[in-house]
Each structure stands twice: as structure tokens, then as C-alpha cells.
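Dear colleague,

I am handing over the structure we spoke about, and below it you will find my notes on what turned up. Please read them with the sequence and the 3D view open beside you.

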Amino acid sequence: QVQLVESGGGLVQPGGSLRLSCVASGSTLGIHVMGWYRQVPGKQRELVAQITSVGTTNYADSVKGRFTISRDNAKNTVYLQMNSLKSEDTAVYYCRTTVWYKVDYDYWGQGTQVTVSS
């Protein structure tokens, strides 16, 4: 089992920045792809960014150039640096990871609220 705990969310003004962190614990040896998703009420959870164990990244078009995902494998932590935040970025952000020993299975964190408002 893998446990994921997100932190770093909060209230920020448009144009501001936040950095989200997600720390994995438990059976972390098998962690492979880590990523961030977000969800607003009434909409599907959507991919924000993900990063493989070798550093390959993938971003949603809506956040390209503004968000940066990174990871520290030694700390079992994935980060999401969010710059130039917009009101449309307001959502609950969830950390997600895959593991090599459970194909097609996702582990999720509890989520952290990001609110962008003036």
C-alpha cells in the first residue's frame, strides 16, 4: 500500500504562485509515475501534470508554461510549482501515483484545495 499526503494549497491572488508537495509513504519501492490531478465540483478529475521515474513530463495544455512538476525520488516526493495562477486553476488538487506491482491501479492522496481569487 502507498499513502499520499498533499500539502501546500491555499488561497492566492491571480498571478500568484503556490507550490504543492506530495509525500508518499508505505510501499514506496514500487512507485513509478507520479502526477497531479485536479477536480472542481460537477466536472471530471483532470490531469494537470505527471512525471515518470526518469523525469519525462506531461502537462495539460491549460497549464503549460505556468506549472512545473518535479520529483525527488530519494524523498518519495513530487512537487507542483504553480505560477501565474488564474481563477480557472481553482480546484482540489490530488496527488496520484502508479506502482509497478499493481498494473492499472492508482493511488490517490486526500487532496489539497487551491483557490485563486481576487
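A salt bridge is a side-chain nitrogen of Lys or Arg within 4 Å of a carboxyl oxygen of Asp or Glu. Please keep in mind throughout that this is a predicted model.

The structure holds five such salt bridges, and one of them joins the side chains of Asp61 and Lys64, with 3.0 Å from N to O. Asp61 is exposed, with a relative accessible area of 64%, while Lys64, at 49%, counts as partly exposed.

Another salt bridge is formed by the side chains of Arg66 and Asp89, where the N to O distance is 2.7 Å. This pair links distant parts of the chain, 23 residues apart, since Arg66 sits in the loop between strand 6 (57-59) and strand 7 (67-72), and Asp89 in the loop between strand 8 (77-82) and strand 9. Arg66 is buried at 11% relative accessible area, and Asp89 is likewise buried, at 1%.

A further salt bridge brings together the side chains of Arg38 and Glu46, at 2.9 Å from N to O. Here Arg38 counts as buried, at 6% relative accessibility, whereas Glu46 is partly exposed at 37%. Arg38, Glu46, Arg66 and Asp89 are linked in a network of salt bridges.

How many disulfides does a search of the whole structure find? The search finds one, formed by Cys22 and Cys95, whose sulfur atoms are 2.1 Å apart. The link is left-handed, with -85 degrees about the S-S bond. Cys22 is buried, with a relative accessible area of 0%, and Cys95 is also buried, at 0%.

Strand 9 (residues 91-99) also holds Thr97, which counts as buried because its relative accessibility is 0%. A polar atom of the Thr97 side chain lies 3.1 Å from the backbone oxygen of Val33. Beyond its neighbours within four places in sequence, Thr97 is in contact with several residues, among them Val2, Leu4, Ile31 and Tyr107.

Lastly, Gly10 is found in strand 2 (residues 10-12) and counts as partly exposed, at 24% relative accessibility. Leaving aside its neighbours within four places in sequence, Gly10 is in contact with Leu18, Gln113, Val114 and Thr115.

Notes. Residues numbered from 1 in each chain as written. Predicted model: local features only at pLDDT ≥ 70, side-chain atom pairs only at ≥ 80, totals over all residues. Heavy atoms only, no water. Helix = DSSP H or I, 4+ residues; strand = E, 2+ residues; numbered from the N terminus. Buried < 20%, exposed > 50% of the residue type's maximum accessible area, 1.4 Å probe, protein only. Polar contact = N/O pair within 3.5 Å; in protein donor to acceptor, adjacent residues only side chain to side chain. Contact = heavy atoms within 4.5 Å. Disulfide = S-S within 2.5 Å.
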